[in-house]
Amino acid sequence: MTRQKIMIVDDDENIAELISLYLTKECYETKIVTDGSLALSEFPLFAPDLILLDLMLPGVDGYQVCRELRKQSDVPIIILSAKGEVFDKVLGLELGADDYIIKPFDSKELVARVKALLRRVNLAPKPSSADEVQDPSVSYPDLTVNLKDYTVIYYGRKLDMPPKELELLYFLAKSPNQVFTREQLLENIWGYDYVGDTRTVDVHVKRIREKIGDHGDWALATVWGIGYKFEVRYQQ
């Protein structure tokens, strides 16, 4: 069985070696990279299944690394940082990170988050009906979300959308006008064992809205104090 590969990007070699030790014990293959530029050049060569990314790096910082990686890949990214302000966490998520862990962290929590994220990425979507087995997609005027090949077609053109954003949009769109709480969305998209908070949902919705605006027939709507719904304004 091929071991999953994790790239550790951190200029503190002691921390990086310690993380590598934890993950190696869990049978992951690891590679340590100590600066942002090297991370970008090593990424296509090592082809990791997940990246642990520090923000405070010499040269190209972690924010820029995350931004550049998102232009070419949907590889899961967990930010590791001593910067614990809400602004820093939100910025990291908005740039495309999937999770954010504040240093110092517990080794068991780190491993649990890595496992949970990889499990979600590798877990095949579970169709809810025989029809979805054949065609796991939803279509509305000027919008089609296909979970089979992970594509979003908006006004006739294909959008670049990371897996979690696409899964969230699909989940909402396949149940038009049904309201979901943030906790329900966390459970269904990130998994019941996802160690995160509801702000993760808000950030992903914000990123989806930046790519698809409200349509005359439908919209990704906020239900204040509760959560979100895919609002349909016409009779299907």
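The chain exposes about 11800 Å² of surface, and carbon and sulfur atoms supply 50% of that area (Shrake-Rupley method, 1.4 Å probe). What you see is a predicted model, where local features need pLDDT of at least 70, side-chain atom pairs count only at pLDDT 80 or more, and totals for chains, interfaces and linings use all residues. Residues are numbered from 1 along each chain as its sequence is written, and side-chain values use heavy atoms, with hydrogens and water left out.

Now look inside. Of the 236 residues, 47% count as buried, meaning under 20% relative accessible area, while exposed means over 50% and partly exposed lies in between (1.4 Å probe, protein chains only).

Let's follow two of the helices. The axes of H4 (residues 86–94) and H9 (residues 199–211) come within 9 Å and cross at roughly 45°, the axes being lines fitted to C-alpha atoms over the stretch in contact, with angles from 0 to 180 degrees between N-to-C directions. Residues making this contact include Val86 and Leu93 of H4 and Val203 and Arg207 of H9; contact means heavy atoms within 4.5 Å.

Finally, find Lys83 in the loop between strand E4 (77–81) and H4. Is Lys83 buried or partly exposed? Lys83 is partly exposed, with a relative accessible area of 29%. Leaving aside neighbours within four places in sequence, Lys83 is in contact with Leu55, Met56, Tyr63, Asp88 and Tyr100.

Note on methods:
Helices (H or I, at least four residues) and strands (E, at least two) are DSSP runs, numbered from the N terminus.
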